[in-house]
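This report walks through one protein model, beginning with a pair of charged side chains and moving on to the chain as a whole.

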Amino acid sequence: MIGLLIGKIALRLDPYIILNVNNVGYKVYVSSVTFASLQSSSEEITVFIHTHVREDMLDLYGFLDPADLKLFEYLIDVSGIGCKTAMGIFSIGKRSDIVNAITAGDVDFFTSVPRLGKKNAQKIIIELKSKLGSVEDLDLSEGGSENATVIAALKQFGYTTVEANAALRAVGNKNLPENEMIRLALKSLGK
């Protein structure tokens, strides 16, 4: 299976790009957000790939961040959610928006995606809400591991990784000592 492609964009035709990898063109479907951010240029880009194989086709779905790929794979594991629908979800929001919609139980966010009804939106929330609490790969903080101690401390108080990351974003200033970050994050979570 193809898991990663490094090459130059040869062609952009929404909803996909043709990625030239050693003179072989790969058709890679991307979200509209990713499509808008990519420009045809001479610079090489790295695209993390989900290879979707059926008996009559082989499609490649590409992401610039491996955490986006991980969330995409969680979405398509939900019964009734296919690759095109999951890509549609990425077209209406970034990873942080999707995770926040799942943790907040925001059905309306998902029903704004074409071909995604209320039942499947509820199914996404129910099936993924428990998974996201245990997935460190979906760390939404910009700093990543530099806030690991603060996140671990907040988790000791019973908060999930997603809640801890949201509190750290609310605190904002990363130049504070860890004990001050924990205090401010707890204050934010207590509101």
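The side chains of Arg-95 and Asp-65 meet in a salt bridge, with 3.5 Å from N to O; the term stands for a side-chain nitrogen of Lys or Arg within 4 Å of a carboxyl oxygen of Asp or Glu. This pair links distant parts of the chain, since Arg-95 belongs to helix α4 while Asp-65 sits in the loop between β5 and α2, 30 residues apart. Arg-95 counts as buried because its relative accessibility is 15%, whereas Asp-65, with a relative accessible area of 28%, is partly exposed; buried means under 20% relative accessible area, exposed means over 50%, and partly exposed lies in between, with a 1.4 Å probe and protein chains only. Asp-65 and Arg-95 are also linked with Asp-68 in a network of salt bridges.

The model is predicted, so local features need pLDDT of at least 70 and side-chain atom pairs count only at pLDDT 80 or more, while totals for chains, interfaces and linings use all residues. Residues are numbered from 1 along each chain as its sequence is written, and side-chain values use heavy atoms, with hydrogens and water left out.

**Salt bridges**

A search of the whole structure finds four salt bridges, and the table sets out three of these pairs.

| Pair | N to O | Relative accessible area of each residue |
|---|---|---|
| Arg-95 and Asp-65 | 3.5 Å | Arg-95 15%, Asp-65 28% |
| Arg-54 and Asp-56 | 3.9 Å | Arg-54 44%, Asp-56 59% |
| Glu-180 and Arg-183 | 2.8 Å | Glu-180 25%, Arg-183 44% |

Side chains of opposite charge can pair when their charged atoms come close. Glu-180 and Arg-183 are three residues apart in helix α9 (residues 178-189), and are therefore separated by about one helical turn.

**The chain as a whole**

The protein chain contains nine helices and five strands, where helices (H or I, at least four residues) and strands (E, at least two) are DSSP runs numbered from the N terminus. Read from the N terminus on, the elements follow the order β-β-β-α-β-β-α-α-α-α-α-α-α-α. The C-alpha trace spans about 55 × 40 × 25 Å along its principal axes, and 41% of the 191 residues count as buried. Among contacts (heavy atoms within 4.5 Å) between residues at least 6 apart in sequence, 51% join residues at least 24 apart.

**The nonpolar cores**

In soluble globular proteins, nonpolar side chains tend to be buried together. A nonpolar core is here a set of buried Ala, Val, Leu, Ile, Met, Phe, Trp, Tyr and Cys residues joined through side-chain atoms within 4.5 Å. The largest such core has 33 residues, of which Phe-72, Leu-75, Ile-89, Ile-98, Phe-110 and Ile-124 touch the most other members. At least two residues of this core come from each of β2 (16-21), β5 (57-63), α2 (66-77), α3 (83-92), α4 (95-104), α5 (107-111) and α6 (118-132), and the largest share, six residues, is that of α2. Once its neighbours within four places in sequence are left aside, Leu-75 is in contact with Ile-81, Ala-86, Ile-89, Phe-90, Ile-124 and Leu-128. Another core, of 13 residues, lies apart from the largest one, and among its members are Ile-17, Val-28, Ile-45 and Ile-49.

Helix α3 is mostly covered, as seven of its 10 residues are buried, namely Cys-83, Thr-85, Ala-86, Met-87, Gly-88, Ile-89 and Phe-90. In α6 the buried residues are Asn-120, Ala-121, Ile-124, Ile-125, Leu-128 and Leu-132, and what covers them includes α2, α3, α4, α5 and α8 (161-171). The 15 residues of α6 should span 21 Å at 1.5 Å a residue, which agrees with the 21 Å between its end C-alpha atoms; the expected span is 1.5 Å times one less than the number of residues.

**The surface**

The accessible surface of the protein chain comes to about 10300 Å², and 50% of this belongs to carbon and sulfur atoms; such areas come from the Shrake-Rupley method with a 1.4 Å probe, and for residues only the protein chains shown count as cover. Met-1, which lies in the segment before β1 (4-13), counts as exposed because its relative accessibility is 82%.
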